[in-house]
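Please read these notes with the model open beside you. Take the points in order and find each residue as it comes up.

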Amino acid sequence: MKQINLVYVCENCGEESSKWSGRCSNCGQWNSLVEMRGLNKKNKAARGDLASPISINAIGIGNFINISTGLGEFDRVIGGGIVPGSLLLLAGDPGIGKSTLLLMVAERMKEVLYVSGEESCEQIKLRADRLKVKNGDIKVLAETNVNYICELISKDKPALVVVDSIQAMYDENFPSTPGSIVQVRECALKLQRVAKTLHIPIVLVGHATKDGSVAGPRTLEHLVDAVFYLEGDRFKETRILRGIKNRFGPTDEIGIFAMEGSGLKEILNPSELFLEERVGSSGSVVTATMEGSRPFLVEIQALTATTVFGYPRRTASGFDANRLQLLLAVLTNKAKLQLQNQDVYINVVGGFQLKEPAVDLAVAMAVVSSFHNKAIDSKLCVFGEIGLSGEIRNVPQADKRKKEAKRLGFTEMTHVRNVHDVINLLFK
Ligand code: TYD
Ligand code: MG
């Protein structure tokens, strides 16, 4: 008799176990284990054709030439272009513009199959009209059955497949609902196999979900070749495409777009966009930050206000709150600034997240400027890491930052060694 190997998989966290139980031993969720067919051990042993290793020099990479999509900001982030046979994941909040971005990529490529599990063909056509897509080479399929989709891919062999979204796909061999961990994982595995065997790149769309009941893209991160997030504020037009993992390229590059009435527009001069509405009052300082190989000028704003209750508030949006505490301690201790009874608020304009220490000096100067209620030169760009003794340290790629500052008509400070000097120079 054929022996079936059953495993039980938690729909909440994906944990596998050999026995059913009412509660998942890993995440503690009740009634979340579902029965699945595991690997058949007999079949595995019966496999006769053992794969033999190949000398590394004998491996041809003819198939792994990046195919440029022609959408510059997208190409930069994915590492020059799409690698044949790769499985990519584009994740992001619902409504952020994932479908829009991929339709724009599809327009620039030949023989694309756009599978939509969420929208009807008419809805996609409406979006395409809005984006003024003229490429008649895009084939649209409204389907959610992953087996049917794989069959179609094997038959038609398109040059690129977009699956929008992986959470809408299902495999009828598994009992759980679309969007559950089990379905998402099984569907992604099936598509991965098709991508690898036929050398067809597949882009999956995944909705980022904060709660665990619907499988978020996190489940897929180890399974796909590259993960990209499209971020941004739904109420602002800037969208940032960021690589989180990439087997074929860098992960530190970002792509910047603006969501407009007729689709996403590539922002080629982001510094100008971020500084557009600048007033240049007290508490505002411009800094130069690096994202991958590109420098950006961004404005940092600070506001200080006397604390009403005993304990001062320190809040930062776009900057690390702990780092802010540290900088305030340096300013209090080394520059003798009376910040003990001051609430401090920091805001990075444009929705940017600044993580590098190179922006320390700009944050500190914004605080001092607001505290003294004195604006600093609106054409000054400051950057530098602040150490615990109040010393100012060199930052990586300073030349690129200076060049970008100069391009936009900014000057920078030279010959300053510590925070005290800077304050003297700017505010005395
Ligand atoms: P969409 O690509 O459908 O988001 P996702 O696939 O990530 O859920 O885009 C949704 C939003 O973008 C929608 O609120 C409308 C807006 N939008 C524009 O502003 N301009 C456009 O040209 C398009 C197509 C969409
Ligand atoms: Mg969508």
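Which ligand has an oxygen atom 3.3 Å from a backbone N or O atom of Ile-96? That is ligand 1. The notes below start there.

Some ground rules come before the points. This is a predicted model, where local features need pLDDT of at least 70, side-chain atom pairs count only at pLDDT 80 or more, and totals for chains, interfaces and linings use all residues. Residues are numbered from 1 along each chain as its sequence is written, chains are lettered from A and ligands numbered from 1 in the order in which they are written, and side-chain values use heavy atoms, with hydrogens and water left out.

1. **Backbone contacts to the ligand.** Start with Gly-97. One of its backbone N or O atoms is 3.0 Å from an oxygen atom of ligand 1. Gly-261 also has a backbone N or O atom close to a ligand 1 oxygen, at 3.1 Å. Taken alone, ligand 1 exposes 560 Å², and the protein buries 77% of that. Such areas come from the Shrake-Rupley method with a 1.4 Å probe; for residues, only the protein chains shown count as cover.

2. **The shell.** The residues around ligand 1 number 16. A residue is near a molecule or strand if one of its heavy atoms lies within 4 Å of it. The closest are Ser-99, Thr-100, Arg-127, Glu-260 and Gly-263. By class, the shell holds four nonpolar, seven polar and five charged residues. Here Ala, Val, Leu, Ile, Met, Phe, Trp, Tyr, Cys and Pro count as nonpolar, Asp, Glu, Lys and Arg as charged, and the others, Gly among them, as polar.

3. **Where the shell comes from.** Three elements each supply at least two shell residues: α3 (98-107), α4 (121-130) and β11 (254-260). The largest share, three residues, comes from α3. Helices (H or I, at least four residues) and strands (E, at least two) are DSSP runs, numbered from the N terminus.

4. Is strand β4 (residues 87-92) enclosed or open? Six of its six residues are buried, so β4 is largely enclosed by the rest of the structure. Buried means under 20% relative accessible area, exposed over 50%, and partly exposed in between (1.4 Å probe, protein chains only). In a regular strand the side chains alternate between the two faces of the sheet. Look at β4 with that in mind. Leu-87, Leu-89 and Ala-91 point one way, while Leu-88, Leu-90 and Gly-92 point the other way.

5. **Neighbours of β4.** Strands β4 and β8 (residues 202-207) run parallel and are joined by six bridges. Two strands pair if DSSP finds at least two bridges between them. Opposite Leu-88 stands Val-203 in β8. Strand β9 (residues 226-232) also runs parallel to β4, with five bridges between them. There, Val-227 is the bridge partner of Leu-89.

6. The domain assignment gives domain 1 (3-44), domain 2 (66-268) and domain 3 (272-426). Domain bounds come from an automatic or database domain assignment. Between the C-alpha centres of domain 1 and domain 3 there are 52 Å. Now find the open sheet of three strands, in the order β2-β1-β3, with antiparallel pairing. Its edge strands are β2 (16-17) and β3 (33-37), each pairing on one side only. Five bridges join β1 (residues 6-10) to β3. Val-9 has Val-34 of β3 as its bridge partner.

7. **Asn-373.** This residue sits in the loop between α9 (360-371) and β17 (380-381). Asn-373 is exposed, with a relative accessible area of 61%. Its side chain still makes a polar contact of 3.1 Å with the side chain of Ser-282. A polar contact is a pair of N or O atoms within 3.5 Å; within protein, one must be able to donate a hydrogen and the other to accept it, and residues adjacent in sequence count only if both atoms are side-chain atoms.

8. **Backbone points to check.** Most residues other than glycine have a negative phi, and most peptide bonds are trans. Glu-111 has a positive phi of about 50° and is not a glycine. It lies in the loop between α3 and β5 (112-116), and is partly exposed at 44% relative accessibility. Lys-336, also not a glycine, has a positive phi of about 55°. Lys-336 is exposed at 58%. Last, a cis peptide bond joins Asp-164 and Ser-165, with omega about 0°. Ser-165 is in the loop between β7 (160-164) and α6 (181-198).
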